[in-house]
Amino acid sequence: MYLKCLVSALLLLSTTVLAQQPRVAARLLAAPDTGGAILGLELSPDPGWHTYWQNPGDAGLAPRLRWTTPPGVGIGPILWPSPQAQPEGDLLTYGYDSAHTLLNRVQIEPQVPDSALLELKARWLVCKDICIPESGEFAIRVGQIRSAQPAAQQAIRQALQALPEELGVTGVFGTAAGTLRTAITLPPSWLDQVRALHWFPAQTGLIEHAAPAVWHSHAKGLLVSNPLQADATLPERLQGVLVIEDRHGSRAIEVALQAGELPEPTAALRLANAGTEPGLTIWLALLMAFAGGLILNLMPCVFPVLTLKALSLSRAESLHVKRMESLAYAAGVVLSFLLIAAILLGLRAGGAALGWGFQLQNPAVVGALAVLMMIMGLAMLGWTQLGMRFMGWGQNLAQHAGLRGAFFTGVLAVLVASPCSAPFMGGALGYAVLQPAPLALSIFAALGLGLAAPFVTLAWIPAFARRLPRPGPWMERIKHWMALPLFATGLWLLWVLWRQTGSLALALILLSIALLALGIRQSAQGWNPPRPLARLATLLGLALIFSPLAAPSPERMARPDAELWQTWTPELVAQARQAQRMVFVDYTADWCLSCIVNERAVLASTDIQALMAEHNTLLLKADWTQYDSRITASLAEFGRNGVPLYLLYPPDGGEPEVLPQILTPQVIRNAYGRAVP
């Protein structure tokens, strides 16, 4: 909702908007000062509305002041009042929600006549549920400045008191493990009774503002760590404002930093604002991850496995056995998610820009999963017994009860669910990868608990367990029907593999499926292949899965809609925005099932294509099927760690609106209605 602010951020010349009732009362103040004067633009937002600081944070637009002065008059830079943190949904912005004054020091030569005129054209953005660009034009004569009224002088004095203190506080900054680390030199007594700390860097595009800061003390002051933005460029010098809150109140201090060697932290600081994110808290992230895990159960590749495992509870003779199997299943799910999370976090810590579903960018993994789905489907039909030792766990997965089978059912559920990004998952996992390892792993564990919850509920709530049907011949028919979505998933993965590597790899993987099926089939309709032949076929099938797929084919298959969609690059986005053209970006992957559904059901529909063509929309597809560091970095810019992601850039150069992960035609129409001036 708050990204609407960005869509309208640069519509400062829109006469339609300017005709609305102003939400900010503005007036120009002046007071004489040594060697000249101080001018101030006082902005007073309506209750509930706010404007922005020089670094607006995750969204918004800083006020712009353009002065026109006569000869002999010089205007200094804006002196900004101390900012406030403004949580806006999943974002964090910096600004002001009450009256504040932007000051400029003015040098006026003595020979400048009193009749000389200074003119100001000011523009600012004011936001609440929506954002409105406003502007004003002001003028004042030098004589009015020299003879300013006492009320104006008092207002200027109060505005000077709202500026950060200039105490000569300095420090150093540097980077480590994807974070900006800032060491601020302070007297130790300042930290004796500190309750909260806030760091506002003046440079834009540097840190992830909404991510929680980590505070430590060091021998000479404070050390604060903030996650860096994916495309952050470090300056030679960095300025900002440090706000210290204690039982006596708060004080804002101007800080000047330079690049240098960072000191070692001595102790973590326990603060009222430490370890929390103003928009998305750890508790909300845990809840979102749990909800996303619940929804994963409905995926066509997970649902058959869960259904068959639930039916296997009917065979259990005691409630104790059912409950133990449910716990084993939950353990398999949660431990698998934790393993994937540990690998992901470890690779990211080593400098790799990876996101959720990264394993599906490896064709060997896609091929192995395709084989597994097809073999599982054959097992559902009774064609194979899956009896080889290396596939022994698969037998339990598909057919038998027991703790071992329940555990590996959970492992398989995670494997086949990994290509998907259900609603709620995107924000939760994007938040998770920015947290310290214990918090990040807890969010992935919550995702696993959500996936395991339905099966555990069946076993542990007696009312549900008693309603499970009795075993009978009907269960074999259910197994046969459940083979269909597994085959469909296997075919989809083969299509992904074809897109990744080309026809040769697809032919090899199909041959490997046939050889594997032959190798693991111990008996079928009275025919028993020689054991050496079975083993040879199995080994050859496995070799075909992994060996030719390690290096993807350099020639990717063209998308069927290539005439409508172009390949995303940051340069194309920049060119289109410069040409004032609307842009729609689809961050997708062939292994993302929800991406494919959105594309086929909504983006490819005739009505939506006509709407996009009507507005001369540049359609860009950021294909993340194979690893692409630029796409990964771009996803991180919007707080995402996986696909799908949909962006609509307005034609006026404003920031894009992030659309929901589940698209409908009406969602697209509404977004166009907001973007079109």
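**Notes on some strands and helices**

1. Arg66 stands opposite Lys121 in β9. That pair belongs to the contact between β4 and strand β9 (residues 117-127), where 5 bridges join two antiparallel strands. (Strands are DSSP E runs of at least two residues and helices are H or I runs of at least four, numbered from the N terminus; two strands pair if DSSP finds at least two bridges between them.)

2. Before going on: this is a predicted model, with local features needing pLDDT of at least 70 and side-chain atom pairs pLDDT 80 or more, while totals for chains, interfaces and linings use all residues. Residues count from 1 along each chain as its sequence is written, and side-chain values use heavy atoms, without hydrogens and water.

3. Back to β4 and β9: they sit in an open sheet of 3 strands, ordered β4-β9-β10, with antiparallel pairing. At its edges you'll find β4 (64-68) and β10 (131-141), each pairing on one side only. On average, neighbouring strands here are turned by 15° against each other, direction ignored.

4. Another open sheet has 4 strands in the order β1-β2-β8-β5, again with antiparallel pairing. Its edge strands, β1 (24-33) and β5 (73-79), have a single partner strand each, so one side of each lacks a neighbour in the sheet. The twist from one strand to the next averages 20°.

5. Ala25 has Ser44 of β2 as its bridge partner. Helix α4 (residues 150-161) packs on this sheet and touches β1, β2 and β8 (100-108). The direction of α4 makes about 95° with that of β1 (angles run from 0 to 180 degrees between N-to-C directions of axes fitted to C-alpha atoms).

6. Strand β12 (residues 179-185) is largely enclosed by the rest of the structure, because 5 of its 7 residues are buried (under 20% relative accessible area with a 1.4 Å probe, protein chains only; exposed is over 50%, partly exposed in between). β12 pairs in the antiparallel sense with strand β11 (residues 165-176) over 6 bridges, and Thr175 has Leu180 of β12 as its bridge partner. With strand β15 (residues 221-227), β12 makes 7 bridges, also antiparallel; there Arg181 stands opposite Ser225.

7. Lastly, a helix pair. The axes of α19 (residues 606-614) and α21 (residues 665-675) come within 10 Å and cross at roughly 15°. That makes α19 roughly parallel to α21 (angles under 35 degrees; over 145 is roughly antiparallel, 65 to 115 roughly perpendicular, the rest oblique). On α19, the contact (heavy atoms within 4.5 Å) is made by Asp607, Ile608, Leu611 and Met612. Pro665, Ile668, Arg669 and Tyr672 make the contact on α21.
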